[in-house]
2 protein chains.
Amino acid sequence: MLALEPLFSNRRAMVEEYISHLLLEETIPTHLKEAMRYSLLAGGKRLRPVLCLSSAQLFGGEEEDILPFACAIEMVHTYSLIHDDLPCMDDDDLRRGRPSNHKAFGEATALLAGDGLLTEAFALMTQTKRKPALVLHAIAVFAKAAGAHGMVGGQEVDLSFVGKTQVSLDAVKTMHAMKTGAILEASCTTGAILADADTESLAAIAQYGRELGIAFQIVDDILDETADPAVLGKPVHSDRDKNKATYPALVGLDTSRRLAKEHADRAKKALLSFDAGADFLRALATFTVERVS
Amino acid sequence: MLALEPLFSNRRAMVEEYISHLLLEETIPTHLKEAMRYSLLAGGKRLRPVLCLSSAQLFGGEEEDILPFACAIEMVHTYSLIHDDLPCMDDDDLRRGRPSNHKAFGEATALLAGDGLLTEAFALMTQTKRKPALVLHAIAVFAKAAGAHGMVGGQEVDLSFVGKTQVSLDAVKTMHAMKTGAILEASCTTGAILADADTESLAAIAQYGRELGIAFQIVDDILDETADPAVLGKPVHSDRDKNKATYPALVGLDTSRRLAKEHADRAKKALLSFDAGADFLRALATFTVERVS
């Protein structure tokens, strides 16, 4: 089995390097620019763009050609974190060990920084150096996953759970599939689309992304219960404090761990038809359940 | 000179009909769906999509092919109104004579309705029935106009004026050019791009859109001072109450009226090289300064 490193770090460094040059133009008002870059350059695993690059590379796509699209996905992820932290949403003061965007720049600018990142993401996607029909297809798939049918809708469902005493595991699964899973899946599928993968391969990589997304979210819930806050970079027990319906709350920690491993295994199983070129994605599935932050 | 009607009403009706079928899918959470449709279907002039359709038609584009893109522009406009009305921004309780989105659906859902409309707009743009390279070009131009360099940036500049006693006319012009002008200009240029207009024509139609945008904004400022609130559909004097730097506040009503007419004339002058096919756009420039709501 391929080790995750140094490939993960290399791809992550490509993403960091690329986004460090974004949003520097004079035409963006200074305060807004600082707010957008503050959150975009705050570190993090860069899992979504790495997934996009890795999936593209599996089908022969050149990382450099796909990089604008991959980094645009990270911009969309960043906007979602900024808006999720706002007082009218999760009202979180900390993100990645630093003040959340609205704590650092004020609520109005944080709202606009999110709006700006989401919009600039689509502008950046159009700069992807692949055939226009492929880029357009990838934008269509990604926008669907990020919007009201996917991530934004999932956030609305999550809000609807607040204050409810009885939320079923099925309801939580649906919410996670929309809120987190859709974007992780789309990170994989858009990479494959941009690399012009055939329909059968697209279905396989979508299945991989979907299962990986569930595993990832279960582990997120587990870490909120068990992690060292210094390693996690944010306060733990925030879900429990907010009385959120999580996997550990619903089925306990042991079952949660077993389920996470099962979904990661299913993710790897979806890649059965691929050769060693998919080993990095297999290693990533293993990492997803073994991570500590 | 061509009369604005019945062409304006016809195009507006095409837009109303098309958007009435949007965002009905079961996969959107009900409360979110209602919030998105509440604002999208709240009426209004539909000026931006009408501009896009009219500009496309000038260069031989079929209205039906362009309609998804034109309606996506209206979705972006709608999201910007929802977010602008939020308590952390302009804190407006009324919009088009009804409770603003957050008053009707709560702040969190209003935020998500805006995010959802913006994201779904880009999904819809990809459905435009024109050559992928043209659609991609139009998305790139529109996203630039709607983002941190344009509309979102202009909103940040507008916020930076709050509480300032001395704001220059030049600063107000720049703010308007970003906040309102960029999208009006892009509504015209994307229509032309989608109809595969040549570079020279694109420059002319961009100039038209830019001047129209300035005229439009000056008249907006004037109407806030002088309009009948029942006709305008929102409270008047809201700018003055918020101590906003407007054209009437800076140069008086008479000069504002003269400037609006001058910019509308310049918009028409930009169309000099076009034949009677551009008469509708000429009539639209006249309407912009003569409108009462």
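User: Leaving aside its neighbours within four places in sequence, with which residues is A:Tyr38 in contact?

Analyst: Two residues are in contact if their C-beta atoms, placed from the backbone, lie within 7 Å. In this predicted model, A:Tyr38 meets that criterion with A:Asn101 and A:Ala104. Local features here need pLDDT of at least 70 and side-chain atom pairs count only at pLDDT 80 or more, whereas totals for chains, interfaces and linings use all residues. Residues are numbered from 1 along each chain as its sequence is written, and chains are lettered from A and ligands numbered from 1 in the order in which they are written.

User: Is A:Tyr38 buried, exposed or partly exposed?

Analyst: A residue is buried if 20 or more other C-beta atoms, placed from the backbone, lie within 10 Å of its own, exposed if 12 or fewer, and partly exposed in between. A:Tyr38 has 19 such atoms, so it is partly exposed.

User: How are the two copies of the chain related?

Analyst: Two copies of a chain are related by a rotation about an axis and a shift along it. Superposition is by least squares on the C-alpha atoms of residues with pLDDT of at least 70 in both copies. Here, a rotation of 180° with 0.0 Å of shift places chain B on chain A (RMSD 0.0 Å). The copies are thus related as by a two-fold rotation axis. B:Pro132 is the residue of chain B that comes closest to this axis, at 2.7 Å (C-alpha).

User: How many residues of chain B are in contact with chain A?

Analyst: In chain B, 44 residues are in contact with 43 residues of chain A. The copies meet through the same surface, because 98% of the interface residues of chain B are also interface residues in chain A.
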